[in-house]
Amino acid sequence: MRGRMVAAGWWSGKHRRAVRRALLVAVVGALLLGGGTVASVVWIRGGAEGHIYDEAGVPEAPVALVLGTRVDAHGRPSPFLTARLEIAQRLFEAGKVRAILVSGDNMDADYNEPGAMRRWLVDRGVPARKVVLDRAGFDTYDSCARAKRIFGVERATVVTQSFHLPRAVALCRRLGIDADGVGDETVRQQHARRWRVSSTREYGACVKAALDLLSGRDPVRLGPPETSVDDALRDQ
């Protein structure tokens, strides 16, 4: 009987020590994760400081870089993407940009963000020769890296929603593009839930952006340099 009690006490003590160690590891892990997230957000968003504008105040740039997002099964841009395209159209009509690079996901033949973006712009009067497609903009990092490395963009105005804009501008700038940005706010009230969810996800996205920059990873798809942006800028 006494032996069983001693054994029970030994196991109980061992269990308590294991629980304490597990709690310590969990607390330290949470602190590291929280600290890493905060540091990533500060570092990434700091790269966009002084380069976020409204449409009226944004400086002129040769190219608008419009970042893709969801299109529906019929190839129609979502409200978020439509709002981005409307800004790019107005910047082009105002002479603030001379060409538009639309960058999005076209990995699947049945899903084509840049094609839908180009079609939307051309249907509303932007000359087709002024719209350049990047079919491998699978995420923001890839879009910015490819704009520089594949299309040779040196200066651009980035167009997306305002919650996404600091990360997008900072990535472009840290990857070698002299970038400013204009953000959309028009869909915020009508699509409040998606806006909140997307805004919250930006914290994790900043961590990924920091890791992408620190690792210097290549975009998912590279390829030879293209002259299509230069051609669009030369074409009068």
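These legends walk through close-up views of the aromatic rings in this predicted model. Residues are numbered from 1 along each chain as its sequence is written. Local features need pLDDT of at least 70 and side-chain atom pairs count only at pLDDT 80 or more, while totals for chains, interfaces and linings use all residues, and side-chain values rest on heavy atoms, without hydrogens and water.

**View 1. Ring pairs link Phe 80, Phe 163 and Trp 195 into a cluster.** Searching the whole structure turns up 2 aromatic pairs. Rings of Phe, Tyr and Trp (its six-membered ring) pair if their centres lie within 6.5 Å; planes under 30 degrees apart are stacked, over 60 edge-to-face, and the rest tilted.

**View 2. Phe 80 and Trp 195 form a tilted pair.** Their ring centres are 6.2 Å apart and their planes meet at 40 degrees. Here helix H2 (residues 79-93), holding Phe 80, is linked to helix H6 (residues 192-215), holding Trp 195, across 115 residues. Helices (H or I, at least four residues) and strands (E, at least two) are DSSP runs, numbered from the N terminus. Phe 80 is buried at 1% relative accessible area, and Trp 195 is buried at 4%; buried means under 20%, exposed over 50%, partly exposed in between (1.4 Å probe, protein chains only).

**View 3. Phe 163 meets Trp 195 edge-to-face.** The centres of these rings lie 4.8 Å apart, with planes at 85 degrees. Phe 163 sits in the loop between strand S5 (155-161) and helix H5 (165-174), so its pairing with Trp 195 of helix H6 ties together parts 32 residues apart in sequence. Phe 163 is buried too, with a relative accessible area of 14%.

**View 4. Arg 194 lies over the face of Phe 80.** The distance to the ring centre is 3.9 Å. A charge sits over a ring if NZ of Lys or CZ of Arg is within 6 Å of the ring centre and within 35 degrees of the ring normal.
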